[in-house]
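This briefing goes through one structure by topic, from its strands and helices to its nonpolar cores and a few backbone details. Please keep the sequence and the coordinates at hand while reading.

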Amino acid sequence: MDKKKYQNYIDEKAEVICGVSDEIWDYAELSLKEFKSCALYCRVLKEEGFEVTSPVAGIETAFTARYGSGKPVIGILAEYDALSGLSQKAGETTRDEAVSGGNGHGCGHNMLGAGSMAAAFAVKKYLSEKPAGSGTVIFFGCPGEEGGAAKAFMARDGVWKELDCALTWHPADCNQVSSGTCNSCIQTEYAFQGVASHAAGAPELGRSALDAVELMNTGVQYLREHMPEEARIHYAITDAGGASPNVVQPHAQVLYMVRSVLCRDALKLQERVDDIAKGAALMTGTKMKKKFIDGCSNTVPNKVLESLMYQNFEEAGVPSYTEAEKTYAEQITKSYEFHDDRLPGDAWEESTEIKKFVEEASDNGTKPLNDFLIPYLYSEKRSAGSTDVGDVSWLTPTAQINTVCFVAGSPGHSWQNVSCGHTSIGHKGLLCAGKVIAGTAIDLFEQPELLKAARAEFAEKTKIGYYCPVPEDAKPVLSGEKIEF
């Protein structure tokens, strides 16, 4: 079986694939509002011969695109939401908004979705030449990663249960197989309703919602001394009640983010934060309502799948760059307000051998484009952030890679990333990702013993059971919207 034939199909479809990435880049739609992006994917995938279903799990901008029949069933994950305030002209090396105050793909999700679609195209091509019942590929359109956690809502509704495994990737400034875990996270917004009154003339008649928010914040500060060391709690006041100090504020809201490694521990800590909110309302004579915003679990690494992805990464190779691309990248690095002295990738932190390799390959972290593959290292080290890919990984074996789509050292969620996301550098990175994922999926179809080993590892690591962070009655929402009493 010639995998290269199907990976080369990605090059044949490159104009369509990169065109979708660029069009999604232009749309730059925020979480759970990706209506144009969703419609574009659904149209292109239908034209390619997939069976498309939308919406999914009650989320209007979620969809699935299925091809084939029988087992195994392999899922490929996509994202396509942008970030607010990051509009930027493509390919520019200085800050220059395309739309004043507009949105931009500072996390590269325009490329993420297109690269995953490239893999789905190749796998479909492979399955189309196999007998019926040889297997199924499902491309999942997952909106709202930046503050919507659609994958966790889909987990609650059983979307991932039919999968034998899931594969995905994320744009980055390095080429590597991503291993390790991260934090679980729960976001909840608390609203307090009080009574307005003249702050000088009749303060005794007022009940301050802002006081309730401040007392809640104080209570959580004291909680910090009595929570697990690895846990984290952050907050932002999303409604301070008004601009006049001479009015007792009758309304106020605060958004809280509770993190811990395991979701079951984050859920326990969340209950304690809820109690503090109730206490703040009692102390101030106000009413309190809470609204679940989103939540996600930590990732479960899978060595079998990660090793296979690395093997396919080595076979596919990494992009090379023109002098013009290198010059652009070098100019971008000069725009950084703060320079990160860290070496690219993650594995070097746990291996002196890999650290030495990365130092040499990256010219001690000074290369503007990292044109090498970082050696694979299985890890269970925890990163501080969170991703809703974690909820997928608790329900089916999951693995992911990074490919170079950004200039080396580019800050996360930055205008520099937006600029690079609509260039040939980004195109090369997403096509590379598509080939690695496609090759991995084809190996799993061809070698069922690999999938069996991956599932055995998965079963051992998830035997404590999945704790879904999403309540049964919750619906996907965005933070900052006023909670009605």
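Helices (H or I, at least four residues) and strands (E, at least two) are DSSP runs, numbered from the N terminus. In that numbering, the place of Ala57 is in the loop between S1 and S2. The model is a predicted one, and the points below are grouped by the part of the chain or the kind of feature that they describe.

- Strand S1, residues 51–53, and strand S2, residues 63–69, run antiparallel and are joined by three bridges, with Thr53 standing opposite Thr64 of S2.
- With a relative accessible area of 22%, Ala57 is partly exposed, a class that lies between the limits of 20% for buried and 50% for exposed.
- Pro55 also has its place in the loop between S1 and S2, and the peptide bond that leads from Ser54 to Pro55 is cis, with omega near 0 degrees.
- S2 is also joined to strand S4, residues 135–141, by seven bridges, and these two strands run antiparallel; in this pairing Arg66 stands opposite Ile138 of S4.
- A cis peptide bond with omega near 0 degrees also runs from Lys71 to Pro72, and Pro72 lies in the loop between S2 and strand S3, residues 73–78.

- Four strands form an open sheet in the order S8-S9-S7-S10, with antiparallel pairing.
- The edge strands of this sheet are S8, residues 232–239, and S10, residues 287–296, each of which pairs on one side only, while the twist from one strand to the next averages 20 degrees.
- S8 pairs with strand S9, residues 251–260, in the antiparallel sense over seven bridges, and the bridge partner of Ile237 in S9 is Val254.
- Helix H6, residues 209–223, lies across S7 (184–193), S8 and S9, and runs at about 20 degrees to S9.
- Helix H7, residues 263–284, packs on the sheet and touches S7, S8, S9 and S10, and its direction makes about 10 degrees with that of S7.
- Glu225 lies in the loop between H6 and S8 and is exposed, with a relative accessible area of 64%.
- Glu225 and Val254 are 29 residues apart along the chain, and their C-alpha atoms are separated by 21 Å.

**Packing between pairs of helices**

- Two packed helices are described by the angle between their axes and the distance between the axes.
- For helix H1, residues 3–12, and helix H4, residues 109–128, the packing angle is about 130 degrees and the axes are 9 Å apart, which makes H1 oblique to H4.
- H1 passes H4 in a right-handed crossing, and the contact is made by Tyr6, Tyr9 and Ile10 of H1 together with Ala118, Ala119, Phe121, Ala122, Lys125 and Tyr126 of H4.
- Helix H13, residues 424–446, and helix H14, residues 448–461, pack at an angle of about 100 degrees with their axes 5 Å apart, and H13 and H14 are therefore roughly perpendicular to each other.
- The contact between H13 and H14 is made by Asp443, Leu444, Phe445 and Glu446 of H13 and by Pro448, Leu450 and Leu451 of H14.

**Nonpolar cores**

- The largest nonpolar core holds 75 residues, of which Ile17, Tyr41, Leu45, Met117, Phe139 and Trp169 touch the most other members.
- Leaving aside residues up to four places away in sequence, Tyr41 touches Val20, Ile24, Phe63, Tyr80, Asn110, Gly113, Ala114, Met117 and Phe139.

- Asp363, a residue other than glycine, has a positive phi near 55 degrees.
- Asp363 is found in the loop between helix H10, residues 352–361, and helix H11, residues 389–393, and at 42% relative accessibility it counts as partly exposed.

Definitions and conventions: Residues numbered from 1 in each chain as written. Predicted model: local features only at pLDDT ≥ 70, side-chain atom pairs only at ≥ 80, totals over all residues. Heavy atoms only, no water. Core = buried A, V, L, I, M, F, W, Y, C linked by side-chain atoms within 4.5 Å. Buried < 20%, exposed > 50% of the residue type's maximum accessible area, 1.4 Å probe, protein only. Contact = heavy atoms within 4.5 Å. Pairing = 2+ DSSP bridges. Axes fitted to C-alpha atoms, helices over the stretch in contact; angles between N-to-C directions. Parallel < 35°, antiparallel > 145°, perpendicular 65-115°, else oblique. Left-handed = near helix turned anticlockwise from the far one by under 90°.
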